[in-house]
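Here are some notes to go with your first look at this one. Keep the structure open beside you and take the points in any order you like.

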Amino acid sequence: MAAISAPDVRIDQVEVWAFTIPTDAPESDGTLEWDSTTVVVVSARAGDTHGLGFTYTDAAAAKLIEGKLAPLLLGRDAFGIPEAWTAMIHSIRNLGRPGICSTAIAAVDVALWDLKSRLLDFPLVTLLGAARDGVPVYGSGGFTSYSDRQLREQFSGWAEEGFRMVKMKVGREPQKDLARVEAARAAVGDDVEVFVDANGAFHPKQALAHAQRFADFGVTWFEEPVSSDDLAGLRYVRELAPGGMEIAAGEYGYDQPYFHSMITAEAVDVLQADASRCAGITGFLQVAPLCEAASLPLSAHTAPALHLHPCCALRNVRHIEYFHDHSRIEGMMFDGVVAPVDGGLRPDLERPGLGLELKMKDVTDHLVYHSGPLNGGSN
């Protein structure tokens, strides 16, 4: 029987953009305030086919892609994603894996997966191998900068759209948190789960005291009650939290040792990972078996349009965070973004790759960096 081999298709162009999008209102959580979000977008082209990737990071990542990562890709086999990913990881050894470097690699890696599946004319989930046809999402917003009216309107709107879970920020003004959680519960009724996220604002005993109060309003998820760097503190809260309340963290994981440490410390009930931070779809897919081995569910942090296809290829994903900022930005920037239906997302199987196209005309005013097309020959 003749062997089946992929065609020899080489990456011949890479292009990078960075866009800074203002928020639609002032936003803050327990430990940070912000008024804009920067998105770095990468196009990787092989002949007449291009793949699109993106990440949420600083514009510095775009410069890193242009100067260090793109030259590694030009002339490389478009089907050889593991080899390209390994080369990128090796190239940033002296720059440091966490932070900007991993987010830059993420945007490129997503573009490569999108390119490969477009070359084969498959949706990405088909290329990866579907384990499910959709993934539940939870509405995420409820910023500490919101008034009670804004909080109620956002949460009641999600409940009316069929969301079965919503998440709010806590911890900036702890004395107001209980009243805000009560308002959130009143807005969604008894049939929608309420999650809270402190973004590491509390110390362990303070977090535990809040957890016990939040339980009176049926809170079932407490995210980063203490800093993710405090594994002992996370475990303390997890072990003593009220029954039925899960402790979650992991969004700041950039590499496998980070996730492994959180799992072995027994710090969480649900592990979070973010493909826009942990070096792309390739890195994200490496987290799932760690969770399976520890019998932990995995939850995708933010970037719903990026996570949908890989999450549909995994059995142990609990849900995707439908973060207000990112869902708004993705709808603004990309054609092909799917909307939630009955509290879940399903990929559009009629479109190859991630199914996204950059709507450049709609975001030109927000452009802060552009590399121009980077071309090259054999590697």
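Predicted model: local features only at pLDDT ≥ 70, side-chain atom pairs only at ≥ 80, totals over all residues.

1. Start with Ala-106, which you will find in helix H3, residues 100-119. With a relative accessible area of 0%, Ala-106 is buried. Setting aside neighbours within four places in sequence, its contacts are Thr-55, Ala-275, Ser-276, Arg-277, Ala-279 and Gly-280. Trp-85 is 21 residues away from Ala-106 along the chain, and their C-alpha atoms are separated by 9.3 Å.

2. Stay on helix H3 and go to Arg-118, which is also placed there. Is Arg-118 buried or exposed? It counts as buried, because its relative accessible area of 13% is under the 20% cut-off. Beyond its neighbours within four places in sequence, Arg-118 is in contact with Thr-49, His-50, Gly-51 and Leu-52, and also with Pro-352, Gly-353, Leu-356 and Glu-357.

3. Next, the loop between strand E9 and helix H10, where Ser-276 lies. Ser-276 is buried, at a relative accessible area of 1%. Its side chain makes a polar contact with the side chain of Asp-274, at 2.6 Å. Not counting residues up to four places away in sequence, Ser-276 touches Thr-55, Tyr-56, Thr-103, Ala-106 and Leu-306.

4. Most residues other than glycine have a negative phi. Ala-279, though not a glycine, has a positive phi of about 70 degrees.

5. Ala-303 is another residue to check for its backbone. What is the phi of Ala-303? The value is near 45 degrees, which is positive in a residue other than glycine. You will find Ala-303 in the loop between strand E10 (298-300) and H11. Its relative accessible area is 0%, and Ala-303 is buried.

6. Now for a helix pair. Helix H10 (residues 280-293) packs with helix H11 (residues 304-312) at an angle of about 45 degrees, and their axes are 11 Å apart. That angle makes H10 oblique to H11. The two helices have a right-handed crossing. On the H10 side the contact is made by Ile-281, Phe-284 and Leu-285, and on the H11 side by His-307, Pro-310 and Cys-311. Sorted by class, this contact has 5 nonpolar residues, 1 polar residue and no charged ones.

7. How many residues of H11 are buried? The count is 9 of its 9 residues. They are Pro-304, Ala-305, Leu-306, His-307, Leu-308, His-309, Pro-310, Cys-311 and Cys-312. Leu-306 has come up already, as a residue that Ser-276 touches.

8. Helix H12, residues 324-333, is mostly covered too, with 7 of its 10 residues buried. The buried residues are His-324, Asp-325, His-326, Ser-327, Ile-329, Glu-330 and Met-333.

9. H6 passes H7 in a right-handed crossing. From H6, the contact uses Pro-174, Asp-177, Leu-178 and Val-181; from H7, it uses Gln-206, His-210, Arg-213 and Phe-214. By class, this contact has 4 nonpolar, 2 polar and 2 charged residues.

10. Finish with Gln-206, one of the H7 residues in that contact. It lies in helix H7, which covers residues 204-214. Gln-206 is partly exposed, with a relative accessible area of 23%. Leaving out neighbours within four places in sequence, Gln-206 is in contact with Pro-174 and Ala-201. Pro-174 is 32 residues from Gln-206 in sequence, and in space the two are 9.5 Å apart from C-alpha to C-alpha.

Technical notes:
Residues numbered from 1 in each chain as written. Heavy atoms only, no water. Helix = DSSP H or I, 4+ residues; strand = E, 2+ residues; numbered from the N terminus. Buried < 20%, exposed > 50% of the residue type's maximum accessible area, 1.4 Å probe, protein only. Contact = heavy atoms within 4.5 Å. Axes fitted to C-alpha atoms, helices over the stretch in contact; angles between N-to-C directions. Parallel < 35°, antiparallel > 145°, perpendicular 65-115°, else oblique. Left-handed = near helix turned anticlockwise from the far one by under 90°. Nonpolar A, V, L, I, M, F, W, Y, C, P; charged D, E, K, R; others polar. Polar contact = N/O pair within 3.5 Å; in protein donor to acceptor, adjacent residues only side chain to side chain.
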